[in-house]
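Subject: Handover of a structure and the findings on it

Dear colleague,

Please find below the structure that I am handing over to you.

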Amino acid sequence: MATGCFLTHLTILFIAALSPLFHFISSVELNDHQASLRELPPAVALRTTPGDRLQVPQGAPFKIALFADLHFGEAAWTGWGPRQDESSVKVMSTILDKEHPDFVVYLGDVITANNIPIKNASLYWDQAVSPTRARNIPWASVFGNHDDAPFEWPMKWFSPAGIPQVCCPASNSSFSGGEDCSFKGTPRLELMKNELAHNALSYSRSGPHNLWPSISNYVLQLSSSTDPESAVAFMYFLDSGGGSYPEVISSTQVEWFDRKSQEINPDSRVPEIIFWHIPSQAYKKVAPRFYVRRNCVGSLFMENVAPQEAEMGIMKLLEKRPSVKAVFVGHNHGLDWCCPYKKLWLCFARHTGYGGYGNWPRGTRILEITQQPFSIKSWIRMEDGHSHSEVLLSS
Ligand SMILES: [Zn+2]
């Protein structure tokens with residue numbers, strides 16, 4: 001058995017028997033950053049007003065920042081892990097202060113749950129949304145493949161003699177309970193519940209129950225600056241899976257999309273834009289090959305598209321709706337392009353976080369929706385302040 005075992009608010013101890021000769025204690029002293037993880041802000045009452053509508057501001061376009069692949073909580077037991085999160089906060093803060101968006105979309109892989117050895121991964125999720133919340137900007141989120149991935153034991157925690165000892169918190173700690181030692185991560189539904197319970201600015205939804213455990217499936221209306229009843233665009237959010245279940249958009253989600261879009265936009269009159277995390281297989285078809293970029297616009301063409309496991313009909317449905325203007329995904333940190341596909345655009349966001357693989361400079365895809373005449377423009381704003389890859393996605 002390990003030499004000692006305790007967990008307080010300020011110290012998380014993971015004790016692994018490294019060898020028969022000595023016991024290795026991996027101790028994480030919480031620094032300022034981590035200390036701020038101690039508590040979530042107080043829960044606020046859920047909105048009772050229509051929380052699925054946003055409005056174009058008077059006399060200005062509606063601007064959205066896409067924060068993709070932040071990967072908070074990576075290697076939380078090391079020194080560099082928490083420093084990465086601080087850098088990610090800095091990227092988001094810099095870009096929010098430069099662009100002043102009206103809305104933020106957290107495009108999945110907000111956290112790296114497979115690295116988070118505490119029960120409540122929402123503590124890290126909360127760090128990721130904090131720069132947006134601090135500026136009073138509303139946001140919505142979708143899940144990526146890392147957000148509820150099961151915890152993976154670091155190899156160096158293992159002893160040649162067997163599995164590492166799990167250090168359960170003392171029963172009088174606020175993290176008490178046998179479950180807290182299960183290291184099973186925080187399920188999507190729980191993450192979403194926590195986001196909503198603590199943030200009046202969140203427009204995220206847990207989606208229809210019949211789609212669970214696929215959670216982040218919902219639609220938001222962007223209303224005209226003069227008439228909240230009149231839709232300028234619909235923003236669809238879909239859970240492309242990964243982590244606790246397969247990386248797909250299922251046929252049940254496709255049915256839901258079909259039904260919902262028929263209901264709220266039957267004649268496809270209102271433009272639609274779509275957000276999910278893992279690129280569909282159609283992204284592979286349009287991906288530039290052999291340096292031939294055709295009509296693609298972007299600056300990072302550094303890797304192959306890592307698509308969903310299967311295509312179950314979502315692209316067919318989107319293709320046949322003239323109102324669908326563009327799809328936005330994250331997932332591939334080395335890609336930031338937009339390519340035309342049939343009558344719509346398939347776009348990657350830009351790796352925003354310091355967590356996750358790849359050392360390409362961090363940035364954020366910005367969308368700007370103009371109401372009259374309608375247009376969607378996009379560009380990428382970098383952490384160092386410069387912008388590039390401007391593209392007109394609809395006009
Ligand atoms: Zn990622």
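The notes below treat the model as a whole, then its sheets, a helix pair and some backbone details.

This is a predicted model, in which local features need pLDDT of at least 70 and side-chain atom pairs count only at pLDDT 80 or more, while totals for chains, interfaces and linings use all residues. Residues are numbered from 1 along each chain as its sequence is written.

Overall content

The protein contains seven helices and 15 strands; helices (H or I, at least four residues) and strands (E, at least two) are DSSP runs, numbered from the N terminus. Of its 395 residues, 45% are buried. A residue is termed buried if 20 or more other C-beta atoms lie within 10 Å of its own, exposed if 12 or fewer, and partly exposed in between, with C-beta atoms placed from the backbone. Among contacts with a separation of 6 or more, 72% come from residues 24 or more positions apart; two residues are in contact if their C-beta atoms, placed from the backbone, lie within 7 Å.

Two strands pair if DSSP finds at least two bridges between them.

S7 pairs with S3 (residues 53–55) in the parallel sense over three bridges, and with S8 (residues 231–237) in the antiparallel sense over six bridges. Leu222 takes part in both pairings: Leu54 has Leu222 as its bridge partner in S7, and Leu222 has Ala233 as its bridge partner in S8.

The six-stranded sheet

A further open sheet has six strands in the order S6-S5-S4-S13-S14-S15, also with mixed pairing. Its edge strands, S6 (139–141) and S15 (387–394), each pair on one side only. The twist here averages 20° from one strand to the next. S5 (residues 103–106) and S6 pair in the parallel sense over three bridges, with Trp139 of S6 as the bridge partner of Val104. Helix H2 lies across S4 (62–67), S13 (363–370) and S14 (375–382), and runs at about 170° to S4.

The pair H2 and H3

Two packed helices are described by the angle between their axes and the distance between the axes. H2 (residues 80–99) and H3 (residues 122–134) pack at an angle of about 25°, with their axes 9 Å apart. The two helices are therefore roughly parallel to each other; angles under 35 degrees count as roughly parallel, over 145 as roughly antiparallel, 65 to 115 as roughly perpendicular and the rest as oblique. Asp85, Val89, Met92, Ser93 and Leu96 of H2 make the contact with Gln127, Ser130, Pro131 and Thr132 of H3.

Backbone details in loops

Trp212 and Pro213 are joined by a cis peptide bond, with omega about 10°. Pro213 lies in the loop between H4 (188–198) and S7. A cis peptide bond also joins Gln372 and Pro373, with omega about -5°, and Pro373 is in the loop between S13 and S14.

Ala75, in the loop between S4 and H2, has a phi near 45°, a positive value in a residue other than glycine. Ala75 has 17 other C-beta atoms within 10 Å and is partly exposed. In the loop between H3 and S6, Asn136 likewise has a positive phi, near 65°. Asn136 counts as exposed, with 7 C-beta neighbours inside 10 Å.

With kind regards

How values were computed. Axes are lines fitted to C-alpha atoms, for helices over the stretch in contact, and angles run from 0 to 180 degrees between N-to-C directions.
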